[in-house]
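Please read them alongside the coordinates.

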Amino acid sequence: MRRGARLKCGGERNPRRWAAVATATAVVVLGLVLACDDSIEPRPPKGSNRPPESALVVFGDGLAVQLYKLGLSWSGSDPDGRVTEFRYRWTCLDLGGLPCDPVPGWVTTTATRDTFTLYAPRGSARYRFELVAVDDDGVADPTPASQVFELRNTAPFTVFTPGTLPTRTLPAVTFYPQPADADSSSDPDDDDAAASIVTYRAWLDGSTTIIDAPAGPSGVTLRPEAFEGRYGMRTVFVQVIDDGGSWSEPIQHTWQVDSAPPDGILLVDDCRQGGFLETRSDQSYRNAIDAVAPGRRVVLDVETIARLSQADFEATLSLFQHVVWYTDADTVSSGALELARAGLDAVLGRGGHVLLTSGLAFGTRSAFGADEPRFRDLFGIETVFRGPTGSTNFALSLEDTVQAVVTPGLPQFRFLSLGLRAVMECFGSRQDAATRSLYFYPVGTFVRATADSSQPFVNTEPFDIGVQHELTGGARTVFLSFPIGLPVNDNTGENEAEIRELLRLAGIVGP
Ligand SMILES: [Ca+2]
Ligand SMILES: [Ca+2]
Ligand SMILES: [Ca+2]
């Protein structure tokens, strides 16, 4: 076949032979005709144009029932010119009893193959494919290639991912289907793949609101508005839908939904390292909030969340104007802060209040990642200082005396805890009326050993480790880069006294 085409370009002059080759081997000939160089064989002007011819190739058996995802290739030939483009359309003839869409318009393409995913929601469907080649004079094949296809689509099914079902939540919750579709797999009986699943769909008992989410590891999130103000025992129904529009039988789950308390404070326990340090931090924040805001605390313990999801954090954070988030002495992020960026930004955007205590948020371990400039703005941070190694992580030192201006509270304190690894950021706060340094090292008081012990690292400007910042609309933030959940001084709960003052400074509790 290639030799026949090459003869056409290189000197074969027998039109009859050429026509026979073109008819028999439309695909290959088309490609080579386009590759021919007119300067080698100038084409004489045409007295009259003859229309092109269209041809269709189905991958597999064109007469058997096909999967709703169908590969086709096509070609065209023109006896006195060349094919420059194609037009095709799919016409629905039967949708398993559902009404078909109106006949669509023609699609123009220069491609000669494609894979089509056809809507077949009821297991079977029938479509007609029509193809028209168009020649270089713009004339369309008057006899389009046409074929009717019988298509099949197996309905997918789903279960809930084991270990992800809640028993009690706020009206913000995410469900994680584990779907399967026989059509996704080369073996139709093993039901082991979900690549064809495109949508997760959920709705609540007694509600007509449908929540659709793109299929994937993030699951499908029910935001507060989905509950329509009705709490207590609720039942969710979840379905998965494949790319041919076929849906699974719904599965359901019933659980307890509690409304958020009035003026609630979301305490995000994102401290997970275990041992004394975590136990002490966990207790400090809970004690401090309960002492000044009884009944307002809702704990979101990151360790107990089945899967971390951005949409889930956004939904949960949307229920609160007040957020306390701590990683404290953890040196590895859970990933939660990364996923909560948009949710935290939204809290502040509606005039809310955030107290964040973390050595992972900025600098080397930047949980805020590409959004760090944005969050520096939100927390009133101008600069994050680096040590001699280039890292922003400094170890806490028992030799330090930290200056404090949180009043009433400590004018200064010393760290008490041993065994902390490099976790603390030192930064320069914004120098403006909206920003106030809360904890800091005066010039020359932050001293750390270096590899060259004759030249210790010494701060030549004030090093802040705590800052308060006011934003427009009444929003307020407090950020601490050291673990205030751990004891300071003589461990008589002075750190909890500081946290209580920080809750006031952040606007989370009243003066
Ligand atoms: Ca022609
Ligand atoms: Ca399917
Ligand atoms: Ca914890």
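1. Strands β13 and β16. Strand β13 covers residues 197-204 and strand β16 covers residues 232-242. The two run antiparallel and are joined by seven bridges.

2. Strands β16 and β17. On to the next pairing: β16 is also joined to strand β17, residues 251-257, by seven bridges. This pairing is antiparallel. Within it, F237 stands opposite Q252 of β17.

3. The sheet that holds these strands. Strands β10, β17, β16, β13 and β14 follow one another in that order in an open sheet of five strands, and the pairing is mixed. The edges are taken by β10 (168-169) and β14 (211-214); each has a single partner strand, so one side of each is left without a neighbour in the sheet. Strands of a sheet pair through backbone hydrogen bonds, either parallel or antiparallel.

4. A further open sheet. Five strands in the order β2-β8-β7-β4-β5 form another open sheet, again with mixed pairing. Here β2 (66-67) and β5 (107-109) are the edge strands, each pairing on one side only. Inside the order, strand β7 (residues 124-135) and strand β8 (residues 145-152) run antiparallel and share eight bridges. One of the residue pairs is L131 with A145, the latter in β8.

5. Helices α4 and α9. Helix α4 spans residues 275-292 and helix α9 spans residues 494-505; their axes come within 9 Å and cross at roughly 55°. That angle makes α4 oblique to α9. The crossing of α4 and α9 is right-handed. From α4, the contact uses S284, Y285, N287, A288, I289, A291 and V292, and these meet N495, E496, I499, R500 and L503 of α9. By class, the contact of α4 with α9 has seven nonpolar, three polar and two charged residues.

6. Helices α5 and α7. Helix α5 (residues 310-317) packs with helix α7 (residues 341-349), the axes being 8 Å apart and the angle about 20°. The cut-off for roughly parallel is under 35 degrees, and α5 and α7 are therefore roughly parallel to each other. This crossing of α5 and α7 is right-handed. Q310, F313, E314 and L317 of α5 make the contact with A342, G343, L344, A346 and V347 of α7. The contact of α5 with α7 divides into six nonpolar, two polar and one charged residues.

7. Confidence. For the protein chain, the mean pLDDT is 88, and 88% of the residues reach 70 or more. Residues 1-41 are a separate matter: pLDDT stays under 50 over this stretch, for which the model has 37 contacts beyond four places in sequence. Where pLDDT is low, the predicted coordinates should not be read in detail.

Key
Residues numbered from 1 in each chain as written. Chains lettered and ligands numbered in written order. Predicted model: local features only at pLDDT ≥ 70, side-chain atom pairs only at ≥ 80, totals over all residues. Pairing = 2+ DSSP bridges. Helix = DSSP H or I, 4+ residues; strand = E, 2+ residues; numbered from the N terminus. Axes fitted to C-alpha atoms, helices over the stretch in contact; angles between N-to-C directions. Parallel < 35°, antiparallel > 145°, perpendicular 65-115°, else oblique. Left-handed = near helix turned anticlockwise from the far one by under 90°. Contact = placed C-beta atoms within 7 Å. Nonpolar A, V, L, I, M, F, W, Y, C, P; charged D, E, K, R; others polar. pLDDT = per-residue confidence, 0-100.
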